[in-house]
Amino acid sequence: MQDRNALAPLDAEMFDIDTPPARVSSGGVAQPDDPPRRVPRALSNLEKAAVVVRLLLNEGADLPLEALPEDLQARLIKQMGSMGLVDRVTLDAVAEEFAEALEGIGLSFPHGLAGALSAMDGKITPTTAARLRREAGVRQMGDPWQRLRALPPEELAEIAEAESTEVAAVMLSKLDTAKAAALLGKLPGPVARRITYAISQTGKVTPEAVDRIGWSLATQIDARPILAFADRPEKRVGNILNQSAQTTREQVMSALDEEDAAFATSVRKVLFTFADIPRRVATRDVPSVVRGADPDQLVVALAAATEGDEAAVAEFLLGNMSARMADNLRDEVRERGKIKRAEGEAAMTALVAIIRALEEEGALTLIDPDEEES
């Protein structure tokens, strides 16, 4: 039989009971005057926090404890390690107090300027946020790697090329697979190979080192000057030329070829004109384009597309829709007759704008010229 004396400390810790004086009945059996009364233990605020966290974790709650300051995380863990057992009466009292505190909260503000700036991220101008951070000497809160994962592959590639191979390998390892693959595709071949090989040397990198690297890279991002334009120069020029007349576009591109051939090549990757439709729009997406286009403008664009690449676009569109719709459009094109060049170009530009709008809505995905070439 198990020695009950071994359970005495457990019983005392589980039940904080003061046994009342007993009286002896006439039959000689001791009986208490009143039933035992269980009293909640007096806990400090940190002990109550440990109880609440443990209770919520037991219930399967996903607590973002990593958002707490590191010193507070350490204090909480140490306290949880020294709590031992908590009786039911104390647990119920702490849970009730916590619930009452939550119900009494009307509004919660972030602590400190760093928290306020993080809460207002995207709601105030970047220049104001950057100025306040510099004046207060605070850095942006949160996981630095989460911020790095949000960057486009082009910016990540610039960071990888500027850093050492070892740091770039750590950064590549912290990205999700799709983003890491896109990043490698933006790097020169030799650089991509060196970084990929360096990943094999990261087996003994400590979490502290990874955290330091993340904050170092995030600090570099914060230190970059706030740019006046969100889009890169080649994209801004390409978008302007997309809406320009063909003669203007050709003249500008010829001038760019003479002044800066590399920049002209970048602009051509952004350009999307009426003549690019067959190689940039998938055949399955043609019906969506036709449905989204204005019927009159579609007829004018097809009627004006009679020569060269433009005629090929017309055949591409008509050949990838229902036969009945294609026959109706051909009849309307014949009825239209000859179209003025300016009117035809305006209709073609409008059709391109429709395709761009469908892409932004996610209704279709344009084929990447680089993927097509590869």
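How many helices and strands does the secondary structure of the protein come to? There are 22 helices and 2 strands. The model is predicted.

**The protein overall**
- Of the 374 residues, 29% count as buried.
- The accessible surface comes to about 24400 Å². Carbon and sulfur atoms account for 54% of that surface.
- Take the contacts between residues at least 6 apart in sequence: 68% of them join residues at least 24 apart.

**Helices H2 and H3**
- Two packed helices are described by the angle between their axes and the distance between the axes.
- Helix H2 covers residues 45-58, and helix H3 covers residues 70-81.
- They pack at an angle of about 80 degrees, and their axes lie 9 Å apart.
- Angles of 65 to 115 degrees count as roughly perpendicular, so H2 and H3 are roughly perpendicular to each other.
- H2 brings Leu46, Glu47, Ala49, Ala50, Val53 and Arg54 to the contact. H3 brings Arg75, Leu76, Gln79 and Met80.
- By class, this contact of H2 with H3 has 6 nonpolar, 1 polar and 3 charged residues.

**Helix H8**
- Helix H8 spans residues 153-162, and its buried residues are Pro153, Leu156, Ala157, Ile159 and Ala160.
- Seen down the axis of H8, these buried residues fall within an arc of 165 degrees, so they line one face of the helix.
- An α-helix has 3.6 residues a turn, so residues three or four places apart point the same way.
- The buried residues of H8 pack against helices H7 (144-149), H9 (165-174), H10 (177-185), H11 (189-198) and H12 (207-223).

Key:
Residues are numbered from 1 along each chain as its sequence is written. This is a predicted model: local features need pLDDT of at least 70, side-chain atom pairs count only at pLDDT 80 or more; totals for chains, interfaces and linings use all residues. Side-chain values use heavy atoms; hydrogens and water are left out. Axes are lines fitted to C-alpha atoms, for helices over the stretch in contact, and angles run from 0 to 180 degrees between N-to-C directions. Helices (H or I, at least four residues) and strands (E, at least two) are DSSP runs, numbered from the N terminus. Angles under 35 degrees count as roughly parallel, over 145 as roughly antiparallel, 65 to 115 as roughly perpendicular and the rest as oblique. Contact means heavy atoms within 4.5 Å. Ala, Val, Leu, Ile, Met, Phe, Trp, Tyr, Cys and Pro count as nonpolar, Asp, Glu, Lys and Arg as charged, and the others, Gly among them, as polar. Buried means under 20% relative accessible area, exposed over 50%, partly exposed in between (1.4 Å probe, protein chains only). The arc is that of the directions from the helix axis to the C-beta atoms. Accessible areas come from the Shrake-Rupley method with a 1.4 Å probe; for residues, only the protein chains shown count as cover.
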